[in-house]
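Here is a friendly briefing to read alongside the model.

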Amino acid sequence: MSKYPQPRLWTPKFPEKYVGDHTNIVARSSWEIKFMNWCDNNTSIVRWNSEETRIPYICATDNRPHTYFVDFRIEVINKYKQQKTYIVEIKPECQTIPPIYKGKQTKRYLTESMTFLKNQSKWKAASNYARDRGWEFIVLTEKHLF
């Protein structure tokens, strides 16, 4: 049995807001479903998509090029009636901070270190990509979602 949840199709109530194929929206976690529901139901969100934004990056773990599929892109009308675009990653908070070294290089520590480095590589590329377009990149954790 896999330790990761199985991806599943998600159907929006307001498909006209979705940019892309609204019949093929894949949710990879319950956290993503919560965010998708929020995007779908929030009247300030005028357009959104899931895993449609592709960003090239060089990963610090292998120094090779990869493609980062950002979880979401949302276009929002803010309280000042201005349109703002965000690219959004949903991650557990533990993956947003460096792992704590406890004096021993365990398999878990090495895995967590590699995950952290990979995420940092992706997020640096995403921040630059967003900035170049006048957008903003944000990472949301369980603290934001719940």
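**Helix over sheet**

Helix α2 lies across β7 and β8, running at about 145 degrees to β8. Axes here are lines fitted to C-alpha atoms, for helices over the stretch in contact, and angles run from 0 to 180 degrees between N-to-C directions. Helices (H or I, at least four residues) and strands (E, at least two) are DSSP runs, numbered from the N terminus.

This is a predicted model, in which local features need pLDDT of at least 70 and side-chain atom pairs count only at pLDDT 80 or more, while totals for chains, interfaces and linings use all residues. Residues are numbered from 1 along each chain as its sequence is written, and side-chain values use heavy atoms, with hydrogens and water left out.

**Overall picture**

- The protein has three helices and eight strands, and from the N terminus on its elements follow the order β-β-α-β-β-β-β-β-α-β-α.
- Its C-alpha trace spans about 50 × 40 × 25 Å along the principal axes.
- Of the 146 residues, 36% are buried (under 20% relative accessible area; exposed is over 50%, and partly exposed lies in between, with a 1.4 Å probe and protein chains only).
- Contact means heavy atoms within 4.5 Å; among contacts between residues at least 6 apart in sequence, 54% join residues at least 24 apart.

**The four-stranded sheet**

- An open sheet of four strands is ordered β3-β6-β7-β8, with mixed pairing (two strands pair if DSSP finds at least two bridges between them).
- The edges are β3 and β8 (136-140), each with a single partner strand, so one side of each is left without a neighbour in the sheet.
- From one strand to the next, the twist averages 25 degrees.
- Strands β7 and β8 run parallel and are joined by five bridges; Glu 89 has Val 139 as its bridge partner in β8.

**Helix α1**

- Helix α1 (residues 30-41) has 12 residues, which at 1.5 Å a residue should span 16 Å, and its end C-alpha atoms are 16 Å apart, which agrees. The expected span is 1.5 Å times one less than the number of residues.
- Glu 32, Phe 35, Met 36, Cys 39 and Asp 40 are buried in α1. They cover an arc of only 135 degrees around the axis, which puts them on the same side of α1; the arc is that of the directions from the helix axis to the C-beta atoms.

**The loop between β3 and β4**

- Thr 53 sits in the loop between β3 (45-50) and β4 (54-58), and it counts as buried because its relative accessibility is 3%.
- Leaving out residues up to four places away in sequence, Thr 53 touches Tyr 68, Phe 69, Val 70, Arg 73, Ile 87 and Tyr 129.
- The side chains of Thr 53 and Arg 73 are joined by a polar contact of 3.4 Å (a pair of N or O atoms within 3.5 Å; within protein, one must be able to donate a hydrogen and the other to accept it, and residues adjacent in sequence count only if both atoms are side-chain atoms).
- Glu 51 lies in the loop between β3 and β4, and a polar contact of 2.7 Å joins its side chain to that of Arg 28.

**The loop between β7 and α2**

- Ile 100 is in the loop between β7 (83-90) and α2 (107-133), where it counts as exposed at 66% relative accessibility.
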